[in-house]
Amino acid sequence: MKSSKEIANTWEVAERTVTYLCKSGKIPGAQKIGKSWQIPDDAEKPADSRVTSGTYIKNSSAKTGRMLPIGISDYIRAQAEYYYVDKTLLIKEFLDQKPLVSLFTRPRRFGKTLNMDMLRVFFEISEEDTSKYFVDKAIWKCGKAYRDHQGKYPVIFLTFKDVKFDTWQATIDKIRSLLQEEYGRHEALLSSDKIAKYEKEYFSRILDGTATEVDLTSALERLSKMLTSHYGEKAIIIIDEYDTPIQEGYAKDFYDEIISFMRNFFSGAFKDNKNLSFGFLTGILRIAQESIFSGLNNLTVNTVMDKAFDKFFGFTSAEVHDLMTYYGALDKESELKEWYDGYIFGEEEIYNPWSVINYISKGCIPQAYWVNTGRNEILEDVMQVATDDITERLYSLLQGECVVARIDQNVIYRSLSEDPANIYSLLLVAGYLKAPSKELQPDGSYLCEVCIPNKEISAVYKNEILSHFMQTGMVTRTTANKIAESLYINDHKKLQTAIAEYMDRSMSFYDAGAEGFYHGLILGLIALMDNQYKIKSNRESGDGRFDICLLPRESKYPGIIIGISDKNIIIKI
């Protein structure tokens, strides 16, 4: 039996490559004894010695062409096996600008993780010539100045997209395991004669899972230092979905702990780190006010409001047209646009990529694909602090109208309770609103017209947001449907029965006799109806004022006036 180091010398590969091959079962007879691998003397070098995400089998047919990459965030796999929308010019735009640390904020499921993995594969030093994954892509045609950066840097890559736990202890344990895995990817440093003994001892604590919470806060900084010493080239650090554990901390009451940890974790990695070539982070929110990036004056933030990089997250109209042409579905292009287009990033009109590929793969059946891929605790918190004015504006949005709102890109989760008007900022950056027009203000905020981008997001307002006003769990969708049906068919008796049923299940004794409660209750119910009516509330008309008015968008539906008092609800159709 030979050690992994001896085999590495024989096969002329890095020791970490041999370790990977042993772990993945590609070397028959290899055994791990203690912390070291032992390999049979007659073991043969596997044909593929590269550390990749796996071996891929192409699956295509003459009728459908390449499969669509649903849930695929591995760049090598996506571009080799699936229909890949080429986003490699992101690399060119970055190298043209060369910000030291870049933060990209976009809604979930808009291709952030896939783009970050693309950057990793492009820049990372590898045993194999990884240029083959880019020679047929747009970046390769941009010239030698860009190609010279390919495969030249050590890379640290972490994704926090699955760090979703109920407690701080479970969260820090998950972060510990992610760092353990990433350190394991660079295990060759343990045999490097350029790394000091005390650094190797720290490295071993990370690998063994015995590192303390204090140890973990400096994990990125120290790994970048070791990689720089070993390779003679400063490291690139990529952190994907950095704010996912922060959102969980807010929802699960360990917010202070995660903020304190992240502040130290990122400070060492990105603030005055002389071993950093470039840094990339992605997330939904900017969270600058939390001081996570305190003093980090080299951070360049790119949000949905900025023109830079606006084409690289999500699909453009031209990319969708090419996609629909490839799959022979051009006759469905207008339907797809109604459902999944409408986002505006910078100056670019963008489609939701997750929904587009699901729509095509499911035979062009329009559904709310994106809204079912994640939890909406933050939206629930938004509804709990919404004022009457915000509630009425939400109803207007659901009716296809625009409302004027101040957008603060530094919105943080805790700011919702401090100022409920921040709801619009959160909904915009999270992908639940779009801003067709915006005007930059002196304080860096924007004064915008905001509206719902498409039919899919309209569905989430009905199912996730406005359902909050139905006293969730106390009234069924069936009851709400009865009320809607009775209004459509002018059935007063059915309407009376349905509202009585609703009130019996939802209202408290202490609410009885409060006109405002009745008003909000009825307004919430009718706002959940399909978009056949334009709703107006508390407006002057003629010589008086109505409480609620439903103006039909089509002549086949009746107009409806609703008057509410502390004792009666009067409906005239």
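**Close-up views of a predicted model**

**View 1. The buried residues of helix H1 in this predicted model.** Helix H1 spans residues 4–11, and its buried residues are Ser4, Ile7, Ala8 and Trp11. Looking down the axis of H1, these buried residues fall within an arc of 105°, so they line one face of the helix. Asn9 and Thr10, on the other side of H1, are exposed.

**View 2. The crossing of helices H4 and H5.** Two packed helices are described by the angle between their axes and the distance between the axes. Here, helix H4 (residues 89–97) and helix H5 (residues 112–123) have axes that come within 10 Å and cross at roughly 70°. H4 and H5 are therefore roughly perpendicular to each other.

**View 3. The residues that join H4 to H5.** From H4, the residues Leu90, Ile91, Phe94 and Leu95 take part, and they meet Asn115, Met118, Leu119, Phe122 and Phe123 of H5. Sorted by class, this contact has eight nonpolar residues, one polar residue and no charged residues.

**View 4. The largest nonpolar core.** This core has 58 residues, of which Leu433, Ile457 and Tyr461 touch the most other members. Helix H19 (residues 423–429) supplies the largest share of the core, with six residues. In soluble globular proteins, nonpolar side chains tend to be buried together.

**View 5. The surroundings of Leu433.** When neighbours within four places in sequence are left aside, Leu433 is in contact with Leu397, Tyr424, Leu427, Leu428, Val450, Cys451, Ile452, Pro453 and Tyr461. A second, separate core contains 48 residues, including Phe203, Ala219, Ile259 and Met262.

Conventions: Residues numbered from 1 in each chain as written. Predicted model: local features only at pLDDT ≥ 70, side-chain atom pairs only at ≥ 80, totals over all residues. Heavy atoms only, no water. Core = buried A, V, L, I, M, F, W, Y, C linked by side-chain atoms within 4.5 Å. Buried < 20%, exposed > 50% of the residue type's maximum accessible area, 1.4 Å probe, protein only. Helix = DSSP H or I, 4+ residues; strand = E, 2+ residues; numbered from the N terminus. Contact = heavy atoms within 4.5 Å. Arc of directions from axis to C-beta. Axes fitted to C-alpha atoms, helices over the stretch in contact; angles between N-to-C directions. Parallel < 35°, antiparallel > 145°, perpendicular 65-115°, else oblique. Nonpolar A, V, L, I, M, F, W, Y, C, P; charged D, E, K, R; others polar.
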